[in-house]
Amino acid sequence: MLKVDDLHVWYELKRFGLGHAGYVRAVDGVSFELNAGEAMACVGESGCGKSSLMKTILRLNKPTKGTIDFKGINVGELDGLDLRDYRSKVGFIQQDPFGALAPFMTIQQILEEPLIINGFTNAAERQSKIETIMEEVKLTPVEEILPKFPHMLSGGQQQRVVIARAMILEPDLLVADEPVSMLDASVRVEILKLLRNLQEKHNLAVIYITHDLSTVRYFSEYIFVMYAGQIVEFAPIKSLLENPTHPYTQALLEASGDPDAKNALEYKEIPPGEPPSLVNPPSGCRFHPRCKFAIKGKCDVDMPKPMPVVDGSNMAITGNKHVAACWLVEEEWKERAGLTN
Ligand code: SF4
């Protein structure tokens, strides 16, 4: 359904009176594919590029280079009515439900607006769609909630309204940007379960963006980890949790405190330092200034390409498509093949 190929999103920097002053390379060569009915988690620290990636998939940004193919359509080329049509097929769930809902509109108006914009002229049909989706997201009793304003609802109910609005045009793809990070712990699991149910029922493709590795197991088939605008590890979720390979993934997993991260994590601490500048990213592996395994003369010079990860006990490739962009993976392959001293 969705194929992102070598996507770059760079923002131009301009200095007053001096003009062009470089680029912020927010997304720098990201590729992945997503099928109908699959959920993909995108994980990384603030500033790793995940929000820019999301905005570009929603076509709020234009790609600087590379392509986003959605069911055979080149999303970067869309404009006018074609762009509106594309956006009706991609639902967006924001992080902050209260900020995402217009405070002066009732829930009825909020849910009706996308239908009116997209040409549903029959009022009875609109009402039927609104009531159906409200039942689905468990916003009941419907007749009591529809006349309310967002501030009259709890945080969990507000997020259900956001989800209902994202679903009302029956999209094929949902982009969920940290959908539970601003909710109470007791509500989080319910909202994640609701999203999972909607995904299965409607055969939706979902991109779940988060900085919290502990929630992805409830929600995703696949996961990729981003650092400094690039994907450093990609794997089926079980494979990544059992065999986290990139040192940055290990650090994130350690920080999440996930009790089921079975692998003996070699990286027992959060690496010191901040994510690098995206204007002048480090040479070689972008993680090398923070990596305690960095190989001098290699990691700081050559950028690692994604390599298939080997299983812990033999030379089989781990999982389906588990890859990590780290020179240690290449070293592991060489060692197993007896190519090192
Ligand atoms: Fe660390 Fe080198 Fe792997 Fe980068 S390529 S994560 S610096 S070991």
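**View 1. The structure holds 12 salt bridges by the rule used here.** A salt bridge is a side-chain nitrogen of Lys or Arg within 4 Å of a carboxyl oxygen of Asp or Glu. This is a predicted model, in which local features need pLDDT of at least 70, side-chain atom pairs count only at pLDDT 80 or more, and totals for chains, interfaces and linings use all residues. Residues are numbered from 1 along each chain as its sequence is written, and side-chain values use heavy atoms, with hydrogens and water left out. Side chains of opposite charge can pair when their charged atoms come close.

**View 2. Aspartate 28 and arginine 286 form a salt bridge.** The closest N and O atoms are 2.6 Å apart. This pair links distant parts of the chain, 258 residues apart. Aspartate 28 sits in strand β2. Arginine 286 sits in the loop between α11 (247-256) and β11 (307-308). Helices (H or I, at least four residues) and strands (E, at least two) are DSSP runs, numbered from the N terminus. Is aspartate 28 buried or exposed? It counts as buried, because its relative accessibility is 9%. Arginine 286 is buried too, with a relative accessible area of 6%. The classes are buried under 20% relative accessible area, exposed over 50% and partly exposed in between (1.4 Å probe, protein chains only).

**View 3. Arginine 196 and glutamate 221 meet in a salt bridge.** The N to O distance is 2.7 Å. Arginine 196 lies in helix α8 (residues 185-202) and glutamate 221 in the loop between α9 (213-216) and β9 (222-227), so the pair ties together parts that are 25 residues apart in sequence. Arginine 196 is buried, at 18% relative accessible area. Glutamate 221 counts as partly exposed, at 26% relative accessibility. Salt bridges that share partners join Arg196, Glu200 and Glu221 into one network.

**View 4. Lysine 298 pairs with glutamate 330 in a salt bridge.** The closest N and O atoms are 3.2 Å apart. Here, too, distant parts of the chain are linked, 32 residues apart. Lysine 298 is in the loop between α11 and β11. Glutamate 330 is in helix α12 (residues 327-336).

**View 5. The structure holds 7 aromatic pairs, one of them formed by tryptophan 10 and tyrosine 23.** A pair of aromatic rings is described by the distance of the centres and the angle of the planes. For tryptophan 10 and tyrosine 23 these are 5.5 Å and 50°, a tilted pair. Tryptophan 10 lies in strand β1 (residues 2-15) and tyrosine 23 in strand β2 (residues 19-34), so the pair ties together parts that are 13 residues apart in sequence. Rings of Phe, Tyr and Trp (its six-membered ring) pair if their centres lie within 6.5 Å; planes under 30 degrees apart count as stacked, over 60 as edge-to-face and the rest as tilted. Tryptophan 10 is partly exposed at 27% relative accessibility. Tyrosine 23 is partly exposed at 35%.

**View 6. Tyr227, Tyr248 and Phe287 form a cluster.** Ring pairs make the links among these residues.

**View 7. Glu131, Glu135, Glu143 and Glu144 form a negative surface patch.** Patches are made of residues with over 30% relative accessible area and no salt bridge; like charges are joined within 9 Å, nonpolar side chains (Val, Leu, Ile, Met, Phe, Trp, Tyr) within 5 Å. Accessible areas come from the Shrake-Rupley method with a 1.4 Å probe. Asp and Glu count as negative, and the charge of Glu is placed at CD. Helices α5 (123-136) and α6 (142-145) each supply at least two residues of the patch. Glutamate 143 is found in α6. This residue counts as exposed, at 60% relative accessibility.

**View 8. A cis peptide bond joins threonine 140 and proline 141.** Omega is about -5°. Proline 141 is placed in the loop between α5 and α6. Most residues other than glycine have a negative phi, and most peptide bonds are trans.

**View 9. Aspartate 6 and arginine 59 have a positive phi.** Aspartate 6 is in strand β1 and partly exposed, with 32% relative accessible area. Arginine 59 is in the loop between α1 (50-57) and β4 (65-70) and counts as buried at 10% relative accessibility.
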